[in-house]
Amino acid sequence: MKTEELTSLTGYQLHEKLLSGELTAREAVEGIFAHIEEVEPIVRAYLLLDREGAVRKAQELDARPKKGAGLGLLAGIPIAIKDNMCTSGLKTTCASRMLENFIPPYDAHVVERLEEADAIIIGKTNLDEFAMGSSTENSAFKLTRNPWDPKRIPGGSSGGSAAAVSAGTALMALGSDTGGSVRQPAALCGVTGLKPTYGRVSRYGLVAFGSSLDQIGPITRDVKDAALLLQVIAGRDLRDSTSADVPVPDYLKELEKPVKGLRLGLPREYFMEGLNEEVRRAVEEAVKVYK
């Protein structure tokens, strides 16, 4: 499969190709890293890449069906992690010089869930230092660019994750959202971002910004991928006292429900003085579509 075909897939589509034998996990990883080599000097989404670990995981997955073993929900999907989530054996810097050489001795809960689901973690993405910012210009290490126009910001603080998914250098990513840090960069980079309800996803292993507001959420190409990723990371975790003891629904099945009867709210405060006219027109056009 050509690199441009691979990087245009959603995670769900890649997973299906892996299960059908049309594509191997090793081919997916090699294709993604070839694309990273081409695009990363421009976009600058990553603080760390783990090619060796990704290839090792891919080889393990490719060998598993031959042994009769099953594959997880995210098997073979290359995923990026915002660099404020602990990863055992890999640096977690929060884009700060203070943590430049910090290697956590444990994984965040969401990282454990990704590993259990057979996702392939390919690297850690850039952010505003300690997630305090909204442009990914406040990293101690680099500026991340918007893949649609490198002269523009990708938003923040999860700008590296949003830019990676938008540029096709990851098929899915995790970000964290305190006051918009998943949703805003997803919007600016033209991808799907979701802040789950507080308590839906464990914060264990997330370096805190505002503990009463922080939530880890998916950044993906489309809503189906967001549902799939949330399915994996959601659920009770006893190590996080704010983690909700509530059953996790089948989010993919929920997508099949009709939208009839749903109502969308449009706050008047969105249309404040000084609002960019292009943004105003885009919102108004969207309203027409929803009507």
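# Reading a predicted model, one feature at a time

User: In which helix does Thr 7 lie, and how should I read the numbering and the model behind it?

Analyst: Thr 7 lies in helix H1, residues 3-7, where helices (H or I, at least four residues) and strands (E, at least two) are DSSP runs numbered from the N terminus. Residues are numbered from 1 along each chain as its sequence is written, and the model is a predicted one, in which local features need pLDDT of at least 70, side-chain atom pairs count only at pLDDT 80 or more, and totals for chains, interfaces and linings use all residues. Side-chain values use heavy atoms, with hydrogens and water left out.

User: Is Thr 7 buried or exposed, and which residues does Thr 7 touch?

Analyst: Buried means under 20% relative accessible area, exposed over 50%, and partly exposed in between, with a 1.4 Å probe and protein chains only. Thr 7 has a relative accessible area of 9%, so Thr 7 is buried. Contact means heavy atoms within 4.5 Å, and, leaving out residues up to four places away in sequence, Thr 7 touches Ile 32, His 35, Gly 168, Leu 171 and Arg 221. Thr 7 and Thr 169 are 162 residues apart in sequence, yet their C-alpha atoms are 7.1 Å apart in space.

User: How do I read the packing of two helices, and at what angle do the axes of H5 and H8 cross?

Analyst: Two packed helices are described by the angle between their axes and the distance between the axes. Axes are lines fitted to C-alpha atoms, for helices over the stretch in contact, and angles run from 0 to 180 degrees between N-to-C directions. The axes of H5 and helix H8 (residues 223-233) come within 8 Å and cross at roughly 110°. Angles under 35 degrees count as roughly parallel, over 145 as roughly antiparallel, 65 to 115 as roughly perpendicular and the rest as oblique, and H5 and H8 are therefore roughly perpendicular to each other. On the H5 side, His 109, Val 110, Arg 113 and Leu 114 meet Leu 229, Val 232 and Ile 233 in H8. By class, this contact of H5 with H8 has 5 nonpolar, 1 polar and 1 charged residues, where Ala, Val, Leu, Ile, Met, Phe, Trp, Tyr, Cys and Pro count as nonpolar, Asp, Glu, Lys and Arg as charged, and the others, Gly among them, as polar.

User: Which backbone values of Asp 118 and Phe 130 deserve a look?

Analyst: Phi of Asp 118 is near 70°, a positive value in a residue other than glycine; Asp 118 sits in the loop between helix H5 (109-116) and E3, and counts as buried because its relative accessibility is 5%. Phe 130, found in the loop between E3 and H6, also has a positive phi, near 55°, and at 22% relative accessibility Phe 130 counts as partly exposed.

User: Which residues line the largest cavity?

Analyst: On a 1 Å grid over the protein atoms alone, a cavity is a set of points where a 1.4 Å probe fits but cannot get out, a pocket is an open set with protein on both sides within 12 Å along at least five of seven lines, and lining residues have an atom within 4 Å of a point. The largest cavity is lined by Asn 84, Phe 130, Ala 131, Ser 176, Thr 178, Leu 206, Val 207, Phe 209 and Asp 214. The largest pocket is lined by 15 residues, of which Gly 265, Leu 266, Tyr 270, Val 283 and Tyr 290 lie nearest its centre.
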